[in-house]
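Please consult the sequence and the structure while reading.

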Amino acid sequence: MGSKSELHILFRRREIKGAVKRLAGEISQDFRNKNPLLLGVLKGSFVFMADLIRLLDFPLEVDFIGLSSYGSGTETSGKIKVVKKLETPVRDRYVLIVKDIVDTGLTTAFLFDYLQKKRPASVKLCALADKPSRREVPVTIDYLGFTVPNKFIVGYGLDADQKYRNLPDICYLEDGT
Ligand code: IMP
Ligand code: MG
């Protein structure tokens with residue numbers, strides 16, 4: 001990433017609010033009476049998760065898992081490791097993964113595999129953003145906020161080198177050369 005990057009707004013907070021509300025409606029239809037386990041993938045999902053669960057008016061539980069790819073920078077190496085385990089037994093539970101963005105799909109594919117071995121009742125995926133142009137492995141997104149172009153996006157929990165998670169809008173970074 002260049003030293004001078006410019007921020008441009010992609011989705012404003014009002015639009016994000018609308019998308020989260022729509023997702024909450026879809027999720028409510030499918031998970032009411034199932035006491036689902038919403039499993040946030042750290043760190044990118046925490047803002048989205050916080051807004052989403054406050055629009056769900058039925059019993060649910062929340063846990064988080066930390067995943068990291070072995071590579072460095074913005075390139076995904078494809079080797080994923082669990083850096084923070086989930087604390088909740090998922091056997092026979094209705095699990096809803098809550099993720100910031102599906103990019104190559106590698107972390108999500110790994111997580112599906114990891115969870116399926118624990119014999120849950122079901123595993124579904126809710127993602128704030130999808131960047132399909134970058135996909136390397138197929139991933140089914142059951143509940144999707146936004147499809148985004150092939151740009152590096154930040155804000156609303158998403159980071160670039162741990163920065164910008166606090167931006168209330170979803171922005172993209174572009175080299176300001
Ligand atoms: P994957 O390539 O689908 O495995 O995504 C791995 C992780 O990379 C995501 O969970 C994000 O945390 C991060 N990531 C991918 N694309 C972006 C982006 O455009 N902005 C910020 N983080 C991203
Ligand atoms: Mg990141």
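This is a predicted model: local features need pLDDT of at least 70, side-chain atom pairs count only at pLDDT 80 or more; totals for chains, interfaces and linings use all residues.

In which loop does Asn 35 lie? Asn 35 is found in the loop between H1 and S2. The phi angle of Asn 35 is near 40 degrees, a positive value in a residue that is not glycine. Lys 43 belongs to the loop between S2 and helix H2 (46-53). Most residues other than glycine have a negative phi, and most peptide bonds are trans; both sites may be read against that background.

From these loops the reader may turn to the strands. Strand S2 (residues 37-42) runs parallel to strand S3 (residues 61-69), and 6 bridges join the two. Within this pairing, Leu 37 stands opposite Glu 61 in S3. S3 is also joined to strand S4 (residues 80-84), by 4 bridges, and here the strands run antiparallel. Ser 69 has Ile 80 in S4 as its bridge partner.

The next subject is the ligand site. Ligand 1 is surrounded by 16 residues, of which the closest are Lys 99, Asp 103, Thr 104, Thr 107 and Ile 153. Three elements each supply at least two residues of this shell: strand S5 (94-102), helix H3 (106-116) and strand S8 (152-154). S5 gives the most, with 4 residues.

Which side chain has an N or O atom 2.4 Å from an oxygen atom of ligand 1? That side chain belongs to Lys 99. Thr 107 likewise places a side-chain N or O atom 2.5 Å from an oxygen atom of the ligand. Leu 106 takes part through its backbone, where an N or O atom lies 3.5 Å from a ligand oxygen atom. Taken alone, ligand 1 exposes 490 Å², and the protein buries 85% of that area.

The last stop is a pocket. Rolling a probe the size of a water molecule over the atoms shows where empty space is left. The second largest pocket has a volume of about 210 Å³. Helix H1 (residues 13-31) contributes the largest share of its lining, 5 residues. Among the lining residues are Arg 13, Ile 16, Lys 17, Val 20 and Lys 21. The lining also includes Asp 51, Arg 54, Leu 55, Tyr 156 and Pro 168. How many nonpolar, polar and charged residues does the lining of the second largest pocket hold? The lining divides into 5 nonpolar and 5 charged residues, with no polar ones.

Key:
Residues are numbered from 1 along each chain as its sequence is written. Chains are lettered from A and ligands numbered from 1 in the order in which they are written. Side-chain values use heavy atoms; hydrogens and water are left out. A residue is near a molecule or strand if one of its heavy atoms lies within 4 Å of it. A polar contact is a pair of N or O atoms within 3.5 Å; within protein, one must be able to donate a hydrogen and the other to accept it, and residues adjacent in sequence count only if both atoms are side-chain atoms. Accessible areas come from the Shrake-Rupley method with a 1.4 Å probe; for residues, only the protein chains shown count as cover. On a 1 Å grid over the protein atoms alone, a cavity is a set of points where a 1.4 Å probe fits but cannot get out, and a pocket is an open set with protein on both sides within 12 Å along at least five of seven lines; lining residues have an atom within 4 Å of a point. Grid points are joined across faces, edges and corners, and a volume is the space filled by probe spheres set on the points. Ala, Val, Leu, Ile, Met, Phe, Trp, Tyr, Cys and Pro count as nonpolar, Asp, Glu, Lys and Arg as charged, and the others, Gly among them, as polar. Two strands pair if DSSP finds at least two bridges between them.
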